[in-house]
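Hi there,

Here is the structure I promised to pass on. My notes on what turned up in it follow below.

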Amino acid sequence: MNLPRVVITGIGMVTPLGLNTGTTWKNLIAGHSGITDITSFDTSGFETRIAAEIRGFDPTVYMHVKEARRADRFTQLALAATDEAMTQAMLSVTPSTADRVGVVVGSGVGGILTLSEQYGVLHEKGPRRVSPFLIPMMLVDMAAGQVSIRVGAKGPNYSTVTACASGSDAIGAGFEMIRRGDVDVAVCGGTEAPICPVAVSGFNAVSALSRRNDDPTGASRPFDAGRDGFVIGEGSTILVLEHIENAISRGVAPIAEIVGYGASSDAFHITQPPPMGEGGARAMRMAMKKAGLHPKEIDYINAHGTSTLLNDRAETQAIKSVFGQEAYKTPVSSTKSMTGHLLGAAGALEAAICALSIREGVLPPTINLEEPDPDCDLDYIPWTARRGTLHVAMSNSLGFGGHNSTLIIKRPQS
């Protein structure tokens, strides 16, 4: 089938490594960590006291004070990232084009900050003191709704909620939406602001978080034998996707092209991957089949690489099962070693990193890889970024509930 080509024309980032795409990319390639002691709440008595927080973010730079008060932080971050993405894409939605612009923004836990805060109000002051903005601030789809209002998009508008695959699935949904002919443009990505007492204690309860509190920058160590869990993070990444003819007609040069998307379910366990990472392997195979590519044509894999014992091992096994001997020739890295795990925003951030890696000719490193796990024996680009020409990159995202999502991104061609 001669399906429409879908390109990325804009990227917006607000992450623990920077308040915009340029700063984030610079720090990422330099191997800097965005993980520090938690400052947003008192961590006394918590097993984990570290996180990848965003420093210096002021929502009033992007919206009126009143609007900021009525939006949860996860929505504020999405709006900031959207502004940058739309500016880079040089895109303005007009009444004549509004119906042809869709929005898909994923999130894993949505407005958990507002919900936990208002739960405290309920117990301390009673039901009549609960904010009338609680519901419109906490709903997971509110970031997508607010982005749609912000840019004036009147096409399909919804949120993907697939745990840590949410951002990747949002991009996949936007990609498929354009290929189906539903829209010409899709503003899509992920956003998350989960750093609060209930989320940290909840993830601690399932033994998911690192407790390396005395070494924050060394806590996220994917594929390392000493890894002890992921580091929770916050942030947002929004991409502008377009039908290539739409981008050409506007005179905008694509950053990269999306050529494949695969999604699957483990149907195995709510938090643990299946043996050999079988579900993730199916998502990778599906994405490559749709892209018409073979393992030897993939130049780089941005792994889900959470720094948990089970994930890193299972994902390595999945890559081997899909790539065979090519797995040992294909560079792999986990940028979560620097950004922490942005949950529902992780897949969008990492897809954008793949696009930038292709454009800039730089493969980001996996830092903190001091003693590789014997079961994790691939080329994980330890510590230092690597320069080289990239044509095709793969981004993997795996989530609680058995969600698996893979995107394949390619150097744009005329």
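Strand E6 (residues 185-192) is joined to strand E7 (residues 235-243) by eight bridges, and the two run antiparallel. Helices (H or I, at least four residues) and strands (E, at least two) are DSSP runs, numbered from the N terminus, and two strands pair if DSSP finds at least two bridges between them. In E7, Gly235 is the bridge partner of Glu192. E6 also pairs with strand E4 (residues 101-106), through six bridges and in parallel; there, Val105 stands opposite Gly189.

Before going on: this is a predicted model, in which local features need pLDDT of at least 70 and side-chain atom pairs count only at pLDDT 80 or more, while totals for chains, interfaces and linings use all residues. Residues are numbered from 1 along each chain as its sequence is written, and side-chain values use heavy atoms, with hydrogens and water left out.

How many residues of E6 are buried? Eight of its eight are, where buried means under 20% relative accessible area, exposed over 50% and partly exposed in between (1.4 Å probe, protein chains only). In a regular strand the side chains alternate between the two faces of the sheet. Here Val185, Val187, Gly189 and Thr191 point one way, and Ala186, Cys188, Gly190 and Glu192 point the other way.

If you were wondering about cysteines, the structure holds zero disulfides (pairs of cysteine sulfur atoms within 2.5 Å). The nearest cysteine sulfur to Cys188 belongs to Cys354, 15 Å away. Cys188 counts as buried because its relative accessibility is 0%. For Cys376, the closest cysteine sulfur is in Cys164, 18 Å off, so it is too far for a bond. Cys376 counts as buried too, at 2% relative accessibility.

Another strand to look at is E14 (residues 403-410), with six of its eight residues buried. Strand E8 (residues 256-265) runs antiparallel to E14, joined by eight bridges, and Ala263 stands opposite Ser405. Strand E13 (residues 392-399) is likewise antiparallel to E14, with eight bridges, and Asn396 stands opposite Thr406. The hairpin of E13 and E14 has three residues between the strands, and Gly401 takes a positive phi near 95° there.

Finally, the helices: Thr21, Trp25 and Leu28 in H1 meet Ile353, Leu356, Ser357 and Glu360 in H13, contact meaning heavy atoms within 4.5 Å.
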